[in-house]
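Please read them with the structure open.

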Amino acid sequence: MAEPTTDVIQGTLDMLILKTLSLQPMHGFGIGRRVEQISRGVFKVNPGSLLTALQRLERAGSVDAEWRQTENARRAKVYALTRAGRKQLTAEAADWTRRAGAVARLLHTES
């Protein structure tokens, strides 16, 4: 049997980033690790995809970013959710729930 894919489902990366940042501001590496931890390893975030998504979300005004010193004396860009990002998260989560419910109904249909 083939290994299950651990790539984030196309179209959900922004939502997963926004949800992660709704818990607390963090740097990119931390976001990727948190998604993997919370999904219990089901999802792994490609660092290049994560950076591209964060840049897109920052341009859209969904996240703010600032350079800060980390615990181990390194500089890292720390991202925080904005009010617009919270609204986007609410809308995307509702849409995801609606779509996931539709897929579940289709999978459980008999005959």
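Which residues of H1 are buried?

1. Helix H1. The model is predicted, and the points below should be read with that in mind. The buried residues of H1 are Leu13, Asp14, Met15, Leu16, Ile17, Leu18, Thr20 and Leu21. That makes 8 buried residues out of 11, so the helix is mostly covered, buried here meaning under 20% relative accessible area. Against these buried residues pack S1, H2, H3, S2, S3 and H4. H1 spans residues 13-23 and lies across S1, S2 and S3, and runs at about 95° to S3.

2. The nonpolar core. The largest nonpolar core is made up of 19 residues, and Ile17, Leu21 and Ile31 have the most contacts inside it. H1, helix H2 (28-38), helix H3 (47-59) and S3 each give two or more residues to this core. H1 provides the largest share, 6 residues. With neighbours within four places in sequence left aside, Ile17 is in contact with Ile31, Leu50, Ala53, Leu54 and Leu57.

3. Helix H2. Gly28, Gly30, Ile31, Gly32 and Val35 are the buried residues of H2. Their cover includes H1, S1, H3 and S3. After H2 comes Arg40, which has a positive phi, near 55°.

4. The sheet. In what order do the 3 strands of the open sheet stand? The order is S1-S3-S2, with antiparallel pairing. S1 (26-27) and S2 are at the edges, and each has a single partner strand, so one side of each has no neighbour in the sheet. Strands of a sheet pair through backbone hydrogen bonds, which may be parallel or antiparallel in sense.

5. Strand S2 (residues 63-69) pairs with strand S3 (residues 75-81) over 7 bridges, in the antiparallel sense. Asp64 has Ala80 as its bridge partner in S3, and Ala65 has Tyr79.

6. Ser62. Is Ser62 buried or exposed? Ser62 has a relative accessible area of 2%, and because buried means under 20%, this residue counts as buried. Ser62 is in the loop between H3 and S2. Not counting residues up to four places away in sequence, Ser62 touches Leu18, Leu57, Ala80, Leu81, Thr82, Gly85 and Gln88. One of these, Leu18, is also among the buried residues of H1, and another, Ala80, is the bridge partner of Asp64.

7. Salt bridges. Side chains of opposite charge can pair when their charged atoms come close. The count for this model is 6 salt bridges, with a cut-off of 4 Å between nitrogen and oxygen. Glu36 and Lys44 form one of them through their side chains, at 3.0 Å from N to O. Glu36 is partly exposed, at 32% relative accessibility, and Lys44 is also partly exposed, at 39%. Glu66 and Arg68 form another, with the closest N and O atoms 2.9 Å apart.

8. Asp95 forms a salt bridge with Arg99, and the closest N and O atoms are 2.8 Å apart. Both residues lie in helix H4 (residues 83-107), at a spacing of 4 residues, about one turn of the helix. An α-helix has 3.6 residues a turn, so residues three or four places apart point the same way. Asp95 is partly exposed at 27% relative accessibility, and Arg99 is partly exposed with a relative accessible area of 49%. Salt bridges with shared partners join Asp95, Arg98 and Arg99 into one network.

Note on methods. Residues are numbered from 1 along each chain as its sequence is written. This is a predicted model: local features need pLDDT of at least 70, side-chain atom pairs count only at pLDDT 80 or more; totals for chains, interfaces and linings use all residues. Side-chain values use heavy atoms; hydrogens and water are left out. Buried means under 20% relative accessible area, exposed over 50%, partly exposed in between (1.4 Å probe, protein chains only). Two strands pair if DSSP finds at least two bridges between them. Contact means heavy atoms within 4.5 Å. Axes are lines fitted to C-alpha atoms, for helices over the stretch in contact, and angles run from 0 to 180 degrees between N-to-C directions. A nonpolar core is a set of buried Ala, Val, Leu, Ile, Met, Phe, Trp, Tyr and Cys residues joined through side-chain atoms within 4.5 Å.
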